[in-house]
Amino acid sequence: MILKRRLKSANIQASTFGCIRNNLTIRGTEYRPQGNNLPIAIVCHGFMAFQDTVGHYAVKLAEMGYLSYCFDFCGGSVIKGKSDGKTTEMSVYTEVEDLLAVIDYAKQHDKTAIKYLEEFISASRQFEN
């Protein structure tokens with residue numbers, strides 16, 4: 001079921017979306033400002049979090065003119081996650097697969113530039129060094 005609602009700020013349309021990865025449904029929210037050929041931003045939550053913890057970033061990006069997406073990783077959210085999957089079956093590799101599935105979903109619906117914003121978790125800093 002796709003739910004749509006209009007946000008008060010900047011005339012943003014918020015709607016739920018779902019896409020499939022290995023028979024698991026990834027669920028998220030799309031924030032669409034007015035306009036065509038918009039750049040795309042995908043916002044990912046950190047470890048043991050869920051899309052609502054980073055939704056404000058996606059809203060802000062939509063206010064700046066980006067078609068933005070946030071989603072729950074499969075199995076990545078114990079308490080409030082909406083995507084399928086078990087926490088015991090997720091890993092950094094499955095998170096990458098989830099992100100690629102969302103990128104493919106976004107590309108199918110809007111063929112424009114994609115930007116990525118990730119909420120950094122402490123482990124991600126190790127890859128910068």
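Q: Which residue has its backbone oxygen 3.4 Å from a polar atom of the side chain of H45?
A: This is a predicted model, in which local features need pLDDT of at least 70, side-chain atom pairs count only at pLDDT 80 or more, and totals for chains, interfaces and linings use all residues. Residues are numbered from 1 along each chain as its sequence is written, and side-chain values use heavy atoms, with hydrogens and water left out. The backbone oxygen at 3.4 Å from the H45 side chain belongs to A49.

Q: Is H45 buried or exposed?
A: H45 sits in the loop between β4 (40-44) and α1 (55-63). Buried means under 20% relative accessible area, exposed over 50%, and partly exposed in between (1.4 Å probe, protein chains only). At a relative accessible area of 4%, H45 is buried.

Q: Why is the pair of F17 and Y105 stacked?
A: Rings of Phe, Tyr and Trp (its six-membered ring) pair if their centres lie within 6.5 Å; planes under 30 degrees apart count as stacked, over 60 as edge-to-face and the rest as tilted. The centres of F17 and Y105 are 4.8 Å apart, and the pair is stacked because the planes stand at 25 degrees.

Q: Which aromatic residue forms an edge-to-face pair with Y105?
A: The pair has 6.1 Å centre to centre and 90 degrees between the planes, and the partner of Y105 is Y69. Both residues are buried. One aromatic cluster is formed by F17, Y105 and Y69.

Note on methods. Helix = DSSP H or I, 4+ residues; strand = E, 2+ residues; numbered from the N terminus. Polar contact = N/O pair within 3.5 Å; in protein donor to acceptor, adjacent residues only side chain to side chain.
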